[in-house]
Structure formats: C-alpha cells, structure tokens
Amino acid sequence: MHNGTTITQFIIEEQRHIAGATGDFTSLLNDIVTACKVISNYVNHGALVGALGSAGSENIQGETQKKLDVISNDVFIKSNEWAGHLAAMASEEMDEIYPIPAGKPRGKYLLTFDPLDGSSNIDVNLSVGTIFSILRCAGGGHNPTERDFLQAGTQQVAAGYAIYGPSTMMVLTTGNGVNGFTLDQNIGEFILTHPMMQIPADAREFAINASNMRFWEPPVRRYVQECLDGKEGPRGEDFNMRWIASMVAEVHRILTRGGVFMYPMDDKMKAKDLGGKLRLLYEANPMSFIVEQAGGGSITGTERIMELQPQSLHQRVPVILGSRNEVERILAYHREG
Ligand code: AHG
Ligand code: MN
Ligand code: MN
C-alpha cells in the first residue's frame with residue numbers, strides 16, 4: 001500500500017500557492033493525467049488489443065502513422081475537450097489546430113501534444129511516451145487561431161511527459177522544478193517518487209543518431225569526435241553512447257543520470273529546407289522547459305530554444321539538450337564556427 005503523494009494532491013497543493021488560481025489548471029492537468037493512463041493501458045496491452053502496426057495513413061509531416069499514434073491522439077482529444085479549460089489543441093497528428101467544438105465550453109488554455117513519441121519503437125516493444133505543453137490563450141480563448149499557439153517556450157505555463165517504459169511515469173514542471181511520478185497500476189494513481197529531479201551538470205554520455213554523421217555540421221562533428229577520442233583525446237576521458245530513437249526515453253535518462261541528446265541541424269535537412277527533425281511546439285519547447293527546470297541546458301546549437309519565436313504550428317528545430325556544462329561546450333563550439 002502506498003501512502004505517498006498522488007499527482008492530484010501534488011498539483012492542488014502547488015496551486016494553493018498561486019494567487020487567483022481558480023482550480024481550472026488543476027482540473028486540466030487531471031484530464032491530461034487520465035489521458036496518459038488510458039494511453040499507457042493501450043501501450044501495455046499492445047497486440048492483445050490490436051494496437052500495433054501501421055494505421056495506413058500519413059500525418060502532415062509525411063510520416064506513416066502507427067495505429068497507436070492515431071489512438072493516442074483520439075484519447076487526448078476525448079479526455080481534454082469536454083471540461084471547459086481549453087480553447088484549442090494542436091498535435092503532431094493533426095494538420096490544423098483543433099478548436100474546442102461549438103456546443104462545448106471553451107476555456108483560457110491551449111494544449112499542444114505529441115501523443116506518441118518514439119512511435120517507431122512501439123512494434124519492437126521499447127519505450128515510447130507522450131509529450132505536452134500548456135499555454136495561455138490571448139483574449140480569453142473565445143476564437144482561437146493558429147497564431148495564438150505561436151508563443152515562445154518561455155511562455156509555457158506547464159510542460160510534461162509520460163513515459164511508457166518498464167514502469168509508466170509522469171514527469172511534470174509548472175516552473176517550480178521538475179517532479180516525477182510513478183503509476184501504481186493497482187490503484188491507478190501516479191505517486192510522487194522522484195521529487196525535484198536534477199540533471200548533473202557534467203556527464204560522460206551522449207546520444208545522437210550516428211547514421212547521419214556524414215551530414216553533420218563541423219561543431220557537432222568536433223564534439224562527437226572528441227567524445228569518441230576518449231582518454232587519449234582532448235577531453236581526457238572515455239564517453240559512453242546511447243540512441244533509443246525516442247526523445248522521451250532519452251530525456252528521461254538524462255534527467256536521471258545526465259548526458260547530452262542531440263538531433264542537430266545537418267546538410268540533409270538543409271537540402272530539404274527543413275528547420276530540423278523535432279517539432280518546436282510539442283517536442284522541443286516542452287522538453288526544453290523540463291530540462292532547464294532540472295538545471296540543464298537546451299539549444300538549437302547557437303540559440304536557446306525557449307526564446308525562439310515560432311513561425312508555424314509544425315515548425316521543426318535542431319535540438320541539443322542535457323547536462324549544462326556539456327551543452328555550454330557545444331554552444332561554444334557553434335559560436336567558434
Ligand atoms: P515521433 O515518433 O513522435 O515522430 O518522434 C520521433 C523522434 C524522436 O522521439 C526521436 O528522438 C527521433 O525522432 C528519432 O529519429 P531517428 O529515427 O532519425 O533516429
Ligand atoms: Mn515525437
Ligand atoms: Mn509522435
């Protein structure tokens with residue numbers, strides 16, 4: 001039996017310190033938590049509920065959708081459209097914004113999400129997750145448009161992710177540090193297990209898809225080469241490498257034991273006129289908020305991600321995040337050119 005703090009209790013207690021809090025935000029987070037529990041249940045049952053494999057469709061980024069991408073997107077919409085806290089939602093799996101339909105009450109918040117991150121991992125039974133970000137909607141949210149979503153990451157009210165791994169966890173920030181909760185499947189509650197998570201400032205582990213090495217820009221090549229050179233190289237220490245192909249899982253590892261995650265700009269993306277691989281509004285910004293709140297850094301290479309002014313809903317950006325001193329080193333390499 002647990003007698004720890006449930007996520008609901010935690011959020012309510014946190015909101016009590018905020019003057020003028022109406023309970024709207026607490027209630028919105030509760031609906032998000034419910035959605036993640038439902039997705040966790042689908043992920044967990046996998047083939048037993050026919051949830052694996054391709055949906056036979058493509059999203060706006062031209063990626064083939066998995067059944068679970070579509071299921072998770074529907075779950076998020078159903079859980080969050082009814083209560084009256086949101087003006088609109090936006091997701092990796094929807095071309096346009098999703099204003100709360102007429103007939104349902106609209107609220108003052110906007111929700112962006114990647115319903116299933118790392119979905120190439122789903123059929124091989126490795127960790128996947130859900131990423132979300134909450135913004136305020138200007139003008140009270142009566143008539144939301146795409147422009148309302150184009151806010152810098154520094155404007156986020158809250159951000160979090162759920163990771164569906166050996167245990168299901170929810171990691172959350174409202175701007176007062178980062179807290180991690182583990183789902184107790186027996187009672188259906190997330191319990192606070194990882195209070196005030198902190199990323200070690202130094203680490204000797206990096207994550208990058210090395211199959212893109214020939215396209216990398218010089219600063220990234222330099223950083224990775226120096227890691228690979230180990231004890232005999234300029235860093236004078238051996239490094240370890242990981243690549244899970246699920247940003248949620250990589251960020252979770254970094255929050256737990258430090259390290260750097262990179263999906264940097266490269267020549268292949270430039271040739272296709274892509275701004276990067278990962279999406280700013282529902283991948284890079286929420287993860288940057290979490291990482292910074294845990295003492296880490298998050299940059300494009302030359303700029304702080306959370307200060308970027310978004311230009312479009314599905315905009316992509318290069319992402320380099322993790323242990324502060326390593327991220328600062330990579331920033332310096334970019335500035336040196
Ligand atoms: P998604 O499954 O939501 O499309 O995101 C996958 C992302 C990210 O989670 C991961 O780090 C990266 O794409 C993996 O890219 P590669 O397949 O190039 O390794
Ligand atoms: Mn993703
Ligand atoms: Mn996704």
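Which residue coordinates both the manganese ion (ligand 3) and the manganese ion (ligand 2), and how many Å apart are the two ions? The legends below take up this question first, and then turn to other parts of this predicted model.

**View 1. The manganese ion (ligand 3) and its protein donors.**
D114 coordinates both the manganese ion (ligand 3) and the manganese ion (ligand 2), and the two ions are 3.7 Å apart. Read along the sequence, the spacing of the donor residues is E-x21-D-x1-L. Two of the residues in this view, D114 and L116, are both buried.

**View 2. The largest pocket and its lining.**
The volume of this pocket is about 470 Å³. Its lining is made up of 24 residues, and those that lie nearest the centre are G118, S119, S120, A245 and K277. Of the elements, β5 provides the largest share, with three residues. Sorted by class, the lining holds 10 charged residues, seven polar residues and seven nonpolar residues.

**View 3. The largest pocket in relation to the two domains.**
Domain 1 covers residues 7-194 and domain 2 covers residues 205-336. Both domains give residues to the lining of the largest pocket, so the pocket lies between them.

**View 4. E96 in the loop between β3 and β4.**
The strands on either side of this loop are β3 (86-91) and β4 (98-99). Is E96 buried or exposed? E96 has a relative accessible area of 55% and counts as exposed because this value is over the 50% cut-off. For a sense of distance, the C-alpha atom of E96 is separated by 33 Å from that of F10, a residue 86 positions away along the chain.

**View 5. The whole protein, as a setting for the close-ups.**
The protein contains nine helices and 17 strands. Its radius of gyration is 19 Å, close to the 20 Å that the globule rule gives for 337 residues, so the protein is as compact as a globular protein of that length. The C-alpha trace spans about 65 × 45 × 45 Å along the principal axes. Among the 337 residues, 56% count as buried.

Conventions:
Residues are numbered from 1 along each chain as its sequence is written. Chains are lettered from A and ligands numbered from 1 in the order in which they are written. This is a predicted model: local features need pLDDT of at least 70, side-chain atom pairs count only at pLDDT 80 or more; totals for chains, interfaces and linings use all residues. Side-chain values use heavy atoms; hydrogens and water are left out. Helices (H or I, at least four residues) and strands (E, at least two) are DSSP runs, numbered from the N terminus. Buried means under 20% relative accessible area, exposed over 50%, partly exposed in between (1.4 Å probe, protein chains only). Donors are N, O and S atoms within 2.8 Å of the metal (3.2 Å for Na, K and Ca); water is not among the atoms, so sites may look incomplete. On a 1 Å grid over the protein atoms alone, a cavity is a set of points where a 1.4 Å probe fits but cannot get out, and a pocket is an open set with protein on both sides within 12 Å along at least five of seven lines; lining residues have an atom within 4 Å of a point. Grid points are joined across faces, edges and corners, and a volume is the space filled by probe spheres set on the points. Ala, Val, Leu, Ile, Met, Phe, Trp, Tyr, Cys and Pro count as nonpolar, Asp, Glu, Lys and Arg as charged, and the others, Gly among them, as polar. Domain bounds come from an automatic or database domain assignment. The radius of gyration is taken over C-alpha atoms; the globule rule is 2.2 Å times the number of residues to the power 0.38.
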